Amino acid sequence: MVVLSQHVALDNHLSVIPTYKPVPVPVVDLTDPEAKTLIVKACEEFGFFKVVNHGVRPDLMTRLEQEAVGFFALPQSLKNQAGPPEPYGYGSKRIGPNGDVGWIEYILLNANPQLTSPKTSAIFRQTPQIFREAVEEYMKEVKKVTCKVLEMVTEGLGIEPRDTLSKMVRDEKSDSCLRMNHYPTAEEEVEKMVKVGFGEHTDPQIISVLRSNNTAGLQICMKDGSWVAVPPDHSSFFINVGDALQVMTNGRFKSVKHRVLADTRRSRVSMIYFGGPPLSQKIAPLPCLVPKQEDWLYKEFTWSQYKSSAYKSKLGDYRLGLFEKQPLLTHRSNV
């Protein structure tokens, strides 16, 4: 059960959203010689794909999930000591500072070991040392997967050098983070309603690497606006194109809109690594892809500027709209 010390209205996350049939999600074997081509195609067509043979040990993924479940099972009073998030720490139902809520509780951790916060320290004080160790090892391994996928993207697009994208995540000042979400089962009085665990949104960073338990709920939005269910697979990772990568490819890749519906029978636990650039990194269409600035669809901005803007927005807002280049309009007089 997720509770808050203060009342939060949850009417806007109880809905009658219909369920959808699953559709085939692009699957990429990272050991396949054609993986780079398949990744580019998936990013263009879906903005989303699943990777197998990724090299992360199953026991590491399972261990972190178990430790996360242990934290979420703690008494609410102990969990509240690590919240509210600022933005790191423990959160319950409230998603961000702008009124969005969901059937969810979560932990948000900075992936940079050099940066700590009181809320992050409070999380680790409430848990055994093995939890911190599992978090650090998991982030180290998933960062490798993130960089490998980004290098395959550059190879598939013919971008030189190969580390054009991955070096942003490898940078010692990279603004990457790890989020662990817990979507509890429903309360009796609302179990017949569809519960929005995490409302529709895009991810702001370069790419996101998601792993969850075998509980359904994740949905992605197709180009025609329809929503499709993603079959769960606890042994694989799911990759989302983020807003920053959409800009750097000048819209060739689309940042996929997605959401999570809570399950009435089983709780869902997901772990998402967000590969982000340093705060000072300039984000703009890559010159090797779009040589002429007049062909850019987006203005140049720093990751710090975009992160600040995204933090001030509502969950479902189209955040990139503020950074699109507006075409010059020629006005004719009607007089």
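**View 1. Strand β8 and its two faces.** Ile207, Val209 and Arg211 point one way from β8, while Ser208, Leu210 and Ser212 point the other way, and all are buried (buried means under 20% relative accessible area, exposed over 50% and partly exposed in between, with a 1.4 Å probe and protein chains only). In a regular strand the side chains alternate between the two faces of the sheet. With six of its six residues buried, β8 is largely enclosed by the rest of the structure. Strands here (E, at least two residues) and helices (H or I, at least four) are DSSP runs, numbered from the N terminus.

A quick note on what you're looking at: this is a predicted model, where local features need pLDDT of at least 70 and side-chain atom pairs count only at pLDDT 80 or more, while totals for chains, interfaces and linings use all residues. Residues are numbered from 1 along each chain as its sequence is written, and side-chain values use heavy atoms, with hydrogens and water left out.

**View 2. Zooming in on Leu210.** Leu210 sits in strand β8, residues 207–212. Its relative accessibility is 11%, so Leu210 counts as buried. Leaving aside residues up to four places away in sequence, Leu210 touches Leu218, Ser236, Phe237, Phe238, Arg268, Ser270, Met271 and Ile272 (contact means heavy atoms within 4.5 Å). Phe274 is 64 residues from Leu210 in sequence, yet the two are 8.6 Å apart in space, C-alpha to C-alpha.

**View 3. The neighbours of β8 and the whole sheet.** β8 pairs with β11 in the antiparallel sense over four bridges, with Val209 opposite Ile239 of β11 (two strands pair if DSSP finds at least two bridges between them). β8 also runs antiparallel to β13 (residues 268–275), joined by six bridges; there, Ser208 has Phe274 as its bridge partner. Zoom out, and you get an open sheet of eight strands with mixed pairing, in the order β2-β3-β11-β8-β13-β6-β5-β4. β2 and β4 (89–94) are the edge strands, each pairing on one side only. On average, neighbouring strands of this sheet are turned by 25° against each other, direction ignored (axes are lines fitted to C-alpha atoms, for helices over the stretch in contact, and angles run from 0 to 180 degrees between N-to-C directions).

View 4. Strand β6 (residues 177–183) and β13 run antiparallel, with seven bridges between them. Met180 stands opposite Met271 in β13. Helix α4 (residues 118–125) packs on the sheet, touching β4 and β5 (101–110), and its direction makes about 100° with that of β5.

**View 5. Helix α1 and its buried side.** Which residues of helix α1 are buried? In this helix, residues 35–45, they are Ala35, Ile39, Val40, Ala42 and Cys43. They cover an arc of only 165° around the axis, which puts them on the same side of α1 (the arc is that of the directions from the helix axis to the C-beta atoms). These buried residues pack against β2 (27–29), β3 (48–52), α5 (129–157) and β11 (237–241). Just after α1, Gly47 takes a positive phi of about 75°.

**View 6. Where α2 meets α5.** The axes of α2 (residues 58–72) and α5 come within 9 Å and cross at roughly 135°. The contact is made by residues including Leu60, Met61 and Leu64 of α2 and Ile130, Phe131 and Tyr138 of α5.
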